[in-house]
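Let's read this model together, one feature at a time. Have the coordinates open as we go.

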2 protein chains.
Amino acid sequence: MDFSIGELAKRTGVKVPTIRYYEKEGLLDAPLRTQGNQRRYRAQDLDRLGFIRHCRDLGLPMPAIRDLIDLGQHPDKPCREADRIAATQLQSVRERIAHLRKLEAELERITASCKGGHTVTDCNVLKAFGDHSLCRDEHAAPTKA
Amino acid sequence: MDFSIGELAKRTGVKVPTIRYYEKEGLLDAPLRTQGNQRRYRAQDLDRLGFIRHCRDLGLPMPAIRDLIDLGQHPDKPCREADRIAATQLQSVRERIAHLRKLEAELERITASCKGGHTVTDCNVLKAFGDHSLCRDEHAAPTKA
DNA sequence: CTTGAACCTCTAGTCGCTATAGGGATTACA
DNA sequence: TGTAATCCCTATAGCGACTAGAGGTTCAAG
């Protein structure tokens, strides 16, 4: 019926300190304790932690997960908000991909410029790292919105 | 000839506290100071900071930048190391892209599952966030090597 | 000579954990 | 019942790469 934090960790693949951290951050409810002050969890905590873990794997930041959990507690609310969170995350993922693809292109160009020139003095790689004007594109990190 | 930290910031687009941080971390040499203890920079510092900034824009972690700078100070060394750093970074960028593309696919699927079902009770988006078995692929974050 | 902008150092906060220290609880087995 | 192994507890500090703020000093222009 009840199980320890170690059991919960084993069943979900989430590490023990991380579980305690989620509790402190309010993503997991504080569970009952034994007389000796140890946490004892139930099936519903397993579900909740599985939800959190999947959201984290999908890259959602913790405030977004908090919002989704709150939403899950109010079954009558419209699910527009959940959809908005998913869409926002999708957009952010796409922006990060776009940025990384530019980096990929520049880094390809930079590594290709190494003709085995042997010493640092005439090293195109070092030159390329130093000089943005050699780049085809802008590629500065996006100011996170 | 010499200029202040604010000037250096303006010319490179790197913020003043960040410049001080780079100095503390050993990426920038400690510059000369005025009698009143204010930093005064020269052209070479501008070049160095430009190099650092471009590397950061390309996503290089600070230890890699440190290595490149060290390398630049020893013109006789082979540039193999610089090439290796670039190649490593390229690989890491490619891995991150691969991961994000999986997330993108799952998030597309999740957002598409919202048929405007109106309330949370029958919200496919929330279900999808909670249940990895609905996903087509593995998409957990890669354990960073 | 005064004003106001720019500078100084130091500390703490960001995010999502992870690691460690220094202890107490539980469980399995003899 | 004793004891040893393994678990669990709290609290604090660290990661990377900055950013923000407090509280005080110096510089440059008028």
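Q: How many salt bridges are there over all chains by the rule?

A: A general idea first: side chains of opposite charge can pair when their charged atoms come close. The rule used here asks for a side-chain nitrogen of Lys or Arg within 4 Å of a carboxyl oxygen of Asp or Glu. By this rule the count over all chains is 18. Please keep in mind that this is a predicted model, where local features need pLDDT of at least 70, side-chain atom pairs count only at pLDDT 80 or more, and totals for chains, interfaces and linings use all residues. Residues are numbered from 1 along each chain as its sequence is written, chains are lettered from A and ligands numbered from 1 in the order in which they are written, and side-chain values use heavy atoms, with hydrogens and water left out.

Q: Which residue forms a salt bridge with A:E23?

A: The partner is A:R39, with the closest N and O atoms 2.8 Å apart. This pair links distant parts of the chain, 16 residues apart: A:E23 sits in helix 2 (residues 16-24) of chain A, and A:R39 in strand 2 (residues 39-40) of chain A. Helices (H or I, at least four residues) and strands (E, at least two) are DSSP runs, numbered from the N terminus.

Q: What does A:R39 have to do with DNA strand D?

A: A phosphate oxygen of DNA strand D is 2.8 Å from an N or O atom in the side chain of A:R39.

Q: Which residues come nearest to DNA strand D?

A: Here, near means that a heavy atom of the residue lies within 4 Å of the strand. Of the 19 residues around DNA strand D, the nearest are A:S4, A:G6, A:R20, B:Y22 and B:R56.

Q: What links the two chains by charge, and which element gives the most residues?

A: Between chain A and chain B there are four salt bridges. One of the salt bridges joins B:R94 and A:E104 (3.1 Å, N to O).

Q: What relation superposes chain A on chain B?

A: Copies are superposed by least squares on the C-alpha atoms of residues with pLDDT of at least 70 in both. A rotation of 180 degrees with 0.0 Å of shift along its axis brings chain A onto chain B (RMSD 0.1 Å), which is the relation of a two-fold axis. In chain A, the C-alpha nearest the axis belongs to A:I97, 2.9 Å from it.

Technical notes
Polar contact = N/O pair within 3.5 Å; in protein donor to acceptor, adjacent residues only side chain to side chain.
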